[in-house]
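The following paragraphs go through a structure step by step. Please keep the sequence and the model in view while reading.

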Amino acid sequence: MSEYQLVSKGALKLKGDGGIKKKKKDKKNKKKVEEIIEAEAPQVKKTEQLTKAEIAFLKMQEKVEKERIMKKASMTHKQRVEEFNKHLDSLTEHFDIPKVSWTK
């Protein structure tokens, strides 16, 4: 008698295995949750409630953002690539990637 004659063949049977059941999503509940999140979201302070430092900070942020946008818009892609290539050419050979060859 071989060791393998007593082995049961077939799929593994588990207790209470009724298959995988997925929970259905409740669309009404999702809408309620979104409304609650919007209601609880912190309201942005109005300019009346802002301190002098906060107002100055917001103005400076807007100014920097405008400058950054103008700088990007002033050059075409081709010009940016040429400027980047000039920058790479100005770097020393120390930053070059050396060729690796085992035969030479």
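A patch is made of residues with over 30% relative accessible area and no salt bridge, and nonpolar side chains are joined into one within 5 Å. In this predicted model, Phe84, Leu88 and Leu91 form such a nonpolar patch on the surface. Together the three residues have about 260 Å² of accessible area. Leucine 88 is part of helix α3, which covers residues 77–90.

Read from the N terminus, the order of elements is α-α-α. Of the 104 residues in the chain, 1% are buried. The chain has an accessible surface of about 12,100 Å², and carbon and sulfur atoms account for 58% of that surface.

Charged side chains are the next topic. Side chains of opposite charge can pair when their charged atoms come close. How many salt bridges does a search of the whole structure find? The search finds one. It joins the side chains of arginine 68 and glutamate 65, with 2.6 Å from N to O. Both residues lie in helix α2, which spans residues 52–74. Arginine 68 and glutamate 65 are three residues apart, about one turn of the helix.

Are the two partners buried, exposed or partly exposed? Arginine 68 has a relative accessible area of 41% and is partly exposed. Glutamate 65, at 37% relative accessibility, also counts as partly exposed.

How values were computed:
Residues are numbered from 1 along each chain as its sequence is written. This is a predicted model: local features need pLDDT of at least 70, side-chain atom pairs count only at pLDDT 80 or more; totals for chains, interfaces and linings use all residues. Side-chain values use heavy atoms; hydrogens and water are left out. A salt bridge is a side-chain nitrogen of Lys or Arg within 4 Å of a carboxyl oxygen of Asp or Glu. Helices (H or I, at least four residues) and strands (E, at least two) are DSSP runs, numbered from the N terminus. Buried means under 20% relative accessible area, exposed over 50%, partly exposed in between (1.4 Å probe, protein chains only). Patches are made of residues with over 30% relative accessible area and no salt bridge: like charges are joined within 9 Å, nonpolar side chains (Val, Leu, Ile, Met, Phe, Trp, Tyr) within 5 Å. Accessible areas come from the Shrake-Rupley method with a 1.4 Å probe; for residues, only the protein chains shown count as cover.
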